[in-house]
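Please examine the structure shown below. The explanation that follows leads through it step by step.

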Amino acid sequence: CNYECGYCSQRFVPHAEQTNPGDVGPFIVQLTANLTSAPGRIEFWGGEPFVYWKTLKPLAEALRALYPAAHFNIITNGSLLDFDKNAWLEAQGFSVGLSHDGPGYHARGADPLDDPEKLAAIMDLWARLKPLGRMSVNAMMHRDNQSRADVQAWLQARFGADVPIGEGAYIDPYDEGGMAAVLRD
């Protein structure tokens, strides 16, 4: 991931130096050899899937060709979106969950909604997918983000009154970072 959210259970997972689009073919062969039926849902999440765009794109396209009826979902912090990726997501039939904690976003790092270029890309994707029922904003509740009402009001002010809000739930304290994000020890 390109962020280091203090409460993320994957923040200690070593980052791959790079990915290789050449790994897609062997992966597909192994996958299809081991599946007994077509998946109904395929999800891409993270860290941040768009960090590995050069491999994500051919992998998703190969999976879409094999499983045209599967529901595709991706979870993103939105910081690496651009207009070309947005068009691709729409064409591939993805549903998108934008990870954003609303007023408690500072726990994640720099807010992509504060960057005009990133904001434009996020709102472009919102305009493409929200009318199709294929986009939501997903918030985590934590010590600095306790009010669901505040999260809802904050997100509605930016995305409209009918923003679908998913919830990543409350932080599960499994280490020091998680402990710092909860109300009790």
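**Helices and strands**

In this predicted model, helix α3 passes helix α4 in a right-handed crossing, meaning that the near helix is turned clockwise from the far one by less than a right angle. Helices (H or I, at least four residues) and strands (E, at least two) are DSSP runs, numbered from the N terminus. Residues are numbered from 1 along each chain as its sequence is written. Local features need pLDDT of at least 70 and side-chain atom pairs count only at pLDDT 80 or more, while totals for chains, interfaces and linings use all residues; side-chain values use heavy atoms, without hydrogens and water.

The contact (heavy atoms within 4.5 Å) involves Phe 83, Asn 86, Ala 87, Leu 89 and Glu 90 of α3, together with Ala 120, Ala 121, Asp 124, Leu 125, Arg 128 and Leu 129 of α4.

Strand β1 (residues 41-44) is paired with strand β2 (residues 71-76) in the parallel sense, over four bridges; strands pair if DSSP finds at least two bridges between them. Within this pairing, Glu 43 has Asn 73 of β2 as its bridge partner. From β1, the chain crosses through helix α2 (residues 53-66) to β2, in a right-handed β-α-β crossover. Right-handed here means that, with the strands pointing away from the viewer, the path from the first strand over the helix to the second runs clockwise.

β2 also runs parallel to strand β3 (residues 94-99), to which five bridges join it. Ile 74 stands opposite Val 96 in β3. The chain crosses from β2 to β3 through α3, and this β-α-β crossover is right-handed.
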